[in-house]
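The entries below follow the order in which I looked things up.

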Amino acid sequence: QVQLVESGGGLVQPGGSLRLSCAASGSIFMINVMGWYRQAPGKERELVATVITSVGITNYADSVKGRFTISRDNAKNTVYLQMNSLKPEDTAVYYCNAKVVGVDRMLGTYWGQGTQVTVSS
């Protein structure tokens, strides 16, 4: 009943920038938290950044702090990840995540399909 649609992935050179977007739609009352996770080949999925949507409080993995910025547009139920100074080790599938309160006032966790980010010369 809730869908997350991601966009913005692609191929970029080291030191370059990329912006990911994720829009939530469906039977949404409100979204408590939105965030980004990533999974590289042979590794477990890891948290990249989250934002508490109502107040804008953010949290970042140490590996991306100072380079990535998470933001949200609550009116559009959309979260962004601005990625600057990209490194090859940032290469991964990036997944959008949202903790959503539905119109039935039930809390659920939802995932996007993932978008590939490749950082390579």
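These notes cover a sheet, a hairpin and a nonpolar core, all read from a predicted model.

**Entry 1, the sheet.** I began with the strand order and found an open sheet of four strands, arranged E1-E3-E8-E7 with antiparallel pairing. E1 (2-7) and E7 (68-73) stand at the edges with a single partner strand each, so one side of each is left without a neighbour in the sheet.

Taking E7 and E8 (residues 78-83), I noted antiparallel pairing over six bridges, and I listed Gln 82 in E8 as the bridge partner of Thr 69.

E9 (residues 92-102) and E10 (residues 107-111) run antiparallel and are joined by five bridges; Asn 97 has its bridge partner in E10, namely Trp 111. Four residues lie between the two strands of this hairpin, and in the turn I noted Arg 105, whose phi is positive at about 70 degrees.

Which residues of the largest nonpolar core touch the most other members? Among its 31 residues these are Met 34, Trp 36, Leu 81, Met 83 and Tyr 94. Strands that each supply at least two residues of this core include E1, E3 (18-26), E4 (28-39), E5 (46-52) and E11 (115-119), while E9 gives the most, with five residues.

Notes: Residues are numbered from 1 along each chain as its sequence is written. This is a predicted model: local features need pLDDT of at least 70, side-chain atom pairs count only at pLDDT 80 or more; totals for chains, interfaces and linings use all residues. Side-chain values use heavy atoms; hydrogens and water are left out. Two strands pair if DSSP finds at least two bridges between them. A nonpolar core is a set of buried Ala, Val, Leu, Ile, Met, Phe, Trp, Tyr and Cys residues joined through side-chain atoms within 4.5 Å. Buried means under 20% relative accessible area, exposed over 50%, partly exposed in between (1.4 Å probe, protein chains only).
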